[in-house]
Amino acid sequence: MSSVAPVTPVPPRRLTQRAARRIALAAQGFAAPRPDPWTATSRHVQRVIDTVGIVQIDSVNVVSRSHYLPFYSRLGPHDRALVDRARDRAPRRLVEYWAHEASLIPPATWPLLDFRMRRAHDESWGGMQRVKRDHPEIVDAVLAEVRARGPMTSRQVESALAHDRPREREHWGWNWSLVKAALEHLFWAGEVSSAGRTSQFERRYAVPSRVLPPHLRDVAESPALRPSDAEAFVELVRIAARAHGVGTEQCLRDYFRLRPEQARPAIAALVAAGELEPVNIDGWKRPAYLHVDARRPRRIAARALLSPFDSLIWQRDRTAALFDFDYRLEIYVPEEKRVHGYYVLPFLLGEDLVARVDLKADRPGGRLLARRVTWEPGRGGVDDARELHEELTALADHLDLREVELTPLPA
């Protein structure tokens, strides 16, 4: 009787740190050349959306509203109204929801986050939970007002309620903070969405059926038509894996803030389907996963200033592992204890993060101020300084600022 020889398992492919870095940069759109200044179109904006999958929103406006900067980093100087139109005009290419943090996402991603919407009562912030628990009548009234009149800002909702229901002010009043908390609860629960932002960066609340494109309106109105949780987790991990190129479980989870028990079965399913390949990366303690379609360029020739909220550097452990770059945002650090500055943008040159630049837009003076430049060891020579100055000049142009002021000038 013949015996069958045992099958020897094939060890995971091994990648060098630099190979993993190039894969990550390409997956985030930094292998593609920028269009010529001021020539980018809606197609270029869509390319960025399709590449990164999420653009984080933040109210900090020291240099620019943060959601504009990832587009600048990949497209160079362009008309920022292109991004506004993608978010504010139908058919929208971007809608808002809690994805990574407050984020802009493609409309097709919105139904995948139904699991988070259903947990608004348990996982949202305390003020949102309290207004639903203690003032359900406010939540119901706010929702009815938005359905009838939206899109509306929170202050417009408050004003409308005071006009429509003046007698109820005797009981609890149309307190702005309660109205705002009710709107944010409804936003988290997916019962209202955002039809865009005002020039003061206020959300314009509307019901999802008025925000999402026509082919998704039935899904907006009927949660039963949305994917199951298991299906959604697979698709969210798939989006994260494409945007990473290669990453650990922690990387893939963090993109949409998934829990281990949500992400692990999804990763296993994608491995079983052949979409993800387990790999080992030199110097990484944790196993990683390579997307089957990830580009593996031999060289990256990028140049970009990166928002602190850019998806390339969200996950700080990943940033350290890929780039040997320990990056922390110091906005909330007391000034005397800051190491690199208040609003520090990493400078990507070629395949490396080579400097940290503390930037501020002096809009009244028409200047982009580089208040501190900190070079990585071995960097900061004449060529590096010239590249940084050219990039700062391009960013100033993008922000409609006339000049760049570096203090001190890079050596």
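This is a short tour of a predicted model, going from one selection to the next.

**Stop 1: helix 1**

Select residues 17–27, which form helix 1. Is this helix mostly covered or mostly open? Helix 1 is mostly covered, with 9 of its 11 residues buried. Colour the buried ones: Ala19, Ala20, Arg21, Arg22, Ile23, Ala24, Leu25, Ala26 and Ala27. Then move past the end of the helix to glycine 29, which follows helix 1 and has a positive phi, near 95°.

**Stop 2: helix 1 against helix 13**

Two packed helices are described by the angle between their axes and the distance between the axes. For helix 1 and helix 13, the angle is about 115° and the axes are 6 Å apart. That angle makes helix 1 roughly perpendicular to helix 13, because angles of 65 to 115 degrees are put in that class. Which residues meet here? Show Ile23, Ala24 and Ala27 in helix 1 together with Arg242, Ala243 and His244 in helix 13. Sorted by class, the contact of helix 1 with helix 13 has 4 nonpolar, 1 polar and 1 charged residues.

**Stop 3: helix 13 against helix 15**

On the helix 13 side, select Phe233, Val234, Val237 and Arg238. On the helix 15 side, select Gln262, Ala263, Ala266, Ile267, Ala269 and Leu270. The contact between helix 13 and helix 15 has 8 nonpolar, 1 polar and 1 charged residues.

**Stop 4**

Strands of a sheet pair through backbone hydrogen bonds, either parallel or antiparallel. Here, look for an open sheet of 3 strands in the order 2-4-3, with antiparallel pairing. Which strands lie at the edges? The edge strands are strand 2 (55–56) and strand 3 (95–98), each of which pairs on one side only. Now select strand 4, residues 102–105, which runs antiparallel to strand 2 and is joined to strand 2 by 2 bridges. Show valine 55 and look across to leucine 104 in strand 4, which stands opposite.

**Stop 5: salt bridges**

How many salt bridges does the whole structure hold? A search finds 38.

- Select arginine 87 and aspartate 88: they form a salt bridge, with the closest N and O atoms 2.5 Å apart. Arginine 87 is buried, at 6% relative accessible area, whereas aspartate 88 is partly exposed at 21%.
- Select arginine 133 and aspartate 134, whose side chains meet in a salt bridge of 3.1 Å, N to O. Arginine 133 is exposed at 55% relative accessibility, and aspartate 134 is partly exposed at 43%.
- Select arginine 303 and glutamate 390, a salt bridge whose closest N and O atoms are 2.9 Å apart. This pair links distant parts of the chain, 87 residues apart: arginine 303 is in strand 10 (residues 302–305) and glutamate 390 is in helix 17 (residues 382–398). Arginine 303 is partly exposed, at 23%, and glutamate 390 is partly exposed too, at 39%.
- Finally, select Arg18, Arg21, Arg22, Glu351, Asp352, Arg379 and Asp384, which are linked in a network of salt bridges. Arg21 and Arg22 are among the buried residues of helix 1 from the opening stop.

Key. Residues are numbered from 1 along each chain as its sequence is written. This is a predicted model: local features need pLDDT of at least 70, side-chain atom pairs count only at pLDDT 80 or more; totals for chains, interfaces and linings use all residues. Side-chain values use heavy atoms; hydrogens and water are left out. Buried means under 20% relative accessible area, exposed over 50%, partly exposed in between (1.4 Å probe, protein chains only). Helices (H or I, at least four residues) and strands (E, at least two) are DSSP runs, numbered from the N terminus. Contact means heavy atoms within 4.5 Å. Ala, Val, Leu, Ile, Met, Phe, Trp, Tyr, Cys and Pro count as nonpolar, Asp, Glu, Lys and Arg as charged, and the others, Gly among them, as polar. A salt bridge is a side-chain nitrogen of Lys or Arg within 4 Å of a carboxyl oxygen of Asp or Glu. Two strands pair if DSSP finds at least two bridges between them. Axes are lines fitted to C-alpha atoms, for helices over the stretch in contact, and angles run from 0 to 180 degrees between N-to-C directions. Angles under 35 degrees count as roughly parallel, over 145 as roughly antiparallel, 65 to 115 as roughly perpendicular and the rest as oblique.
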